[in-house]
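Thanks for asking me to look this one over. Here are my notes, point by point, to read with the model open beside you.

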Amino acid sequence: MASLLRFRKLCYVEPAVSKCSFQSYDKVIKKHDNQSCIPPPPPPPPPLRKITNDGDKRKVLRRRRDSKEWRCLDWCCWMVGYICTTWWLLLVLYNALPGFEVPESPGVKLKKEGLTPLHPVVLIPGIVTGGLELWEGKPCADGLFRKRLWGGSFTEIFKRPLCWLEHMSLDNETGLDPPGIRVRAVPGLVAADYFASWYFVWAVLIENLAKIGYEGKNMHMAAYDWRLSFQNTEVRDQALSRLKSKIELLYVTNGYKKVVVVPHSMGVLYFLHFLKWVEAPSPMGGGAGPGWCAKHIKSVMNIGPAFLGVPKAASGLFSGEAKDVAFARAMAPGVLDSELLGLQTLEHVMRVSRTWDSLMSLIPKGGETIWGNMDWSPEEEYDCYPTKTKYVQSALTESSQSTNETDGKLGFKVKDPVRYGRIISFGKTTSQVQSSNLPSFDPKEISRGRHQHKSNSSCGDVWTEYDEMSRESIRGVADNKAYTAKTLIDLLHFVAPKMMRRSDAHFSYGIADNLDDPKYSHYKYWSNPLETKLPDAPDMEICCLYGTGIPTERSYVYRTSPTDRCKSIPFRIDSSVSGGGDGCLRNGVYFVDGDESVPVLSAGFMCAKGWRGKNRFNPSGLEIGGDKIYSDILRMSERINLRV
């Protein structure tokens, strides 16, 4: 019976698969058993039975579809094989042929030149680059003890995102641990060598230092919880005390050689805070007394320093976004704003990031004196495409000379200045018109209706301080208004009062009139280079190393979001707005020169002018490293009217 059913299947249901025509029962059985078939000249095939059974139809279609999929899979495998083979051949040729040798690393070159370790090195990571691990958590975080919640594979974000967000948040009142949660910085060099397995941070520098002889006994990574305010790293973890002890230990165990400190990005502000803390009297400071820095520190090599803050921190705190989010909105409109599945990604990001007090240390400092006002800024003549401009200018000059035309028609059209001082503008027109045509922002006037007629109903789980604002207040913030570095502080106080109460307790953003005023002995001023003095250490060196030539966020064009969305952020960067051919305005963001995150103005001003020579910010005449300047920071500094 089984043979008959098999015969029926071969000859009727799957005629395209069988290679034999309709034959006698014995021949078909022989073909199936011996896996061979040598038929006589076949007679005309009988008409096939019409397949009416849905199951048989699906089997036939599935077999045909599988055959196509296998052919496609084979083609893909062959393509991958060709690509891999070609890659390996090129790699072999690259390493084998003369003139194609892999260049030596800096560490190998320095070792050949005879360099050996002399001064111990302390590395200080910046914001978000240091790993964080879980020591105590809620039931949803079972199995994650001492596993990385930040810096690593980030698999837990996808497995349990809401639980991860809860554990990455700090207490919204104290800025410290929420009840029942302890997340701590990963110790050692592994804390910030790689941000992820494929994204290095300090790994290359550590490797090159190791090639000339550095190791654990003379190199240290000063890891800290980058979410906390600088003083709270001492209150909770005694991180500043441990850094002081480590520097002292390295000094003694390395033959009383002073320490070279290499902070990065926000770590520059953290170490600037440390320089004041370590010599300040206890209990607010470390109690080491004057002269500690002169005794223990050889030099401070600041990499990508955010001395005067970064505008992207303001946009992040204001609307939970920056250039990348605006670009994503421009490429795929509606994706980030979709309420599908209630994701509310940006709302979650804002809720968590507003508990990280460290972000508030990056709000622009120096007000309008440094960053410009409604009609002026130090970078107002910045050329977004200097190479293109030089080419066009050269062509115009040649054309003018060849035709003897001097009527000015072939010259440049004087373009309107970009008003970078307006860090946040509602509307493209608002970012460009004369300030006399713009209304002013009066927080007292519009705050009266803050809690009346709330714009969002009590729905969903995402909470931000925007839920407490009325629609009248939202309109009052946005109506044809622009905000400078000075009024930006007032704006943040208005839209996020709880966050800014913590900010007022830990940070300051002004310029000191009299640095000898006793109020500047408070720790809230220690990370602002415009409100504190460098230590009395005339032999200590300080350098500012920063990137240039990369478009960097400077100011933003905003618009209001739909007010009928549940618990949404009422403001967003207007990604539909772009400028003309100069390219300074793209997807709602104005760009200037910098390293993509920190503008040249913030990274270079203190070394170019603020600390240059003996002055009130640098009373001991602390040495500034030799100048190799590739940016326009000197011209910008001359335009800034700051008494030094």
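**Notes on the fold**

1. Overall make-up. The protein chain has 22 helices and 17 strands, where helices (H or I, at least four residues) and strands (E, at least two) are DSSP runs numbered from the N terminus. Please keep in mind that this is a predicted model, in which local features need pLDDT of at least 70 and side-chain atom pairs count only at pLDDT 80 or more, while totals for chains, interfaces and linings use all residues. Residues are numbered from 1 along each chain as its sequence is written, and side-chain values use heavy atoms, with hydrogens and water left out.

2. Of the 644 residues in the protein chain, 45% count as buried; buried means under 20% relative accessible area, exposed means over 50%, and partly exposed is in between (1.4 Å probe, protein chains only). The accessible surface of the protein chain is about 33,100 Å², and carbon and sulfur atoms hold 58% of that; such areas come from the Shrake-Rupley method with a 1.4 Å probe, and for residues only the protein chains shown count as cover. Among contacts in the protein chain with a separation of 6 or more, 73% come from residues 24 or more positions apart, a contact being heavy atoms within 4.5 Å.

3. The parallel sheet. An open sheet is formed by 6 strands in the order β7-β1-β8-β9-β12-β17, with parallel pairing; two strands pair if DSSP finds at least two bridges between them. Its edge strands are β7 (219-221) and β17, each pairing on one side only. Helix α10 packs on this sheet, where it touches β1 (121-124), β8 (259-263) and β9, and its direction makes about 150° with that of β9. For such angles, axes are lines fitted to C-alpha atoms, for helices over the stretch in contact, and values run from 0 to 180 degrees between N-to-C directions.

4. Around β12. Which bridges are worth a look here? Strand β9 (residues 297-303) pairs with strand β12 (residues 541-545) in the parallel sense over 5 bridges, and Met301 has Cys543 in β12 as its bridge partner. Strand β12 is also joined to β17 (residues 623-624) by 2 bridges, again running parallel. In β17, Ile624 is the bridge partner of Ile542, and Glu623 is that of Glu541.

5. From α8, the residues Phe230, Gln231, Thr233, Glu234 and Asp237 meet Ala239, Leu240, Ser241 and Arg242 in α9. The residues of this contact divide into 3 nonpolar, 3 polar and 3 charged (Ala, Val, Leu, Ile, Met, Phe, Trp, Tyr, Cys and Pro count as nonpolar; Asp, Glu, Lys and Arg as charged; the others, Gly among them, as polar).

6. Helix α21 and Ser602. Helix α21 is mostly covered, with 10 of its 11 residues buried. Those buried residues pack against α15 (367-371), β12, β13 (550-560), β16, β17 and α22 (633-639). Leaving out residues up to four places away in sequence, Ser602 touches Pro305, Ala306, Phe307, Leu308, Gly309 and Trp371. Between Ser602 and Leu308 there are 294 residues in sequence but 4.7 Å in space, C-alpha to C-alpha.

7. Helix α6. In α6 (residues 161-168), the buried residues are Cys163, Trp164, Leu165, His167 and Met168. Their cover includes β2, β3, α5 (155-159), β4 (182-185) and α14 (345-353).

8. Backbone details to check. The peptide bond from Ser282 to Pro283 is cis, with omega near 10°, and Pro283 sits in the loop between α10 (266-279) and α11 (292-296). Arg146 is not a glycine, yet has a positive phi of about 60°; this residue is found in the loop between β2 (132-136) and β3 (148-150). At 45% relative accessibility, Arg146 counts as partly exposed. Asn587, also not a glycine, has a positive phi of about 55° and lies in the loop between β15 (585-586) and β16 (589-594).
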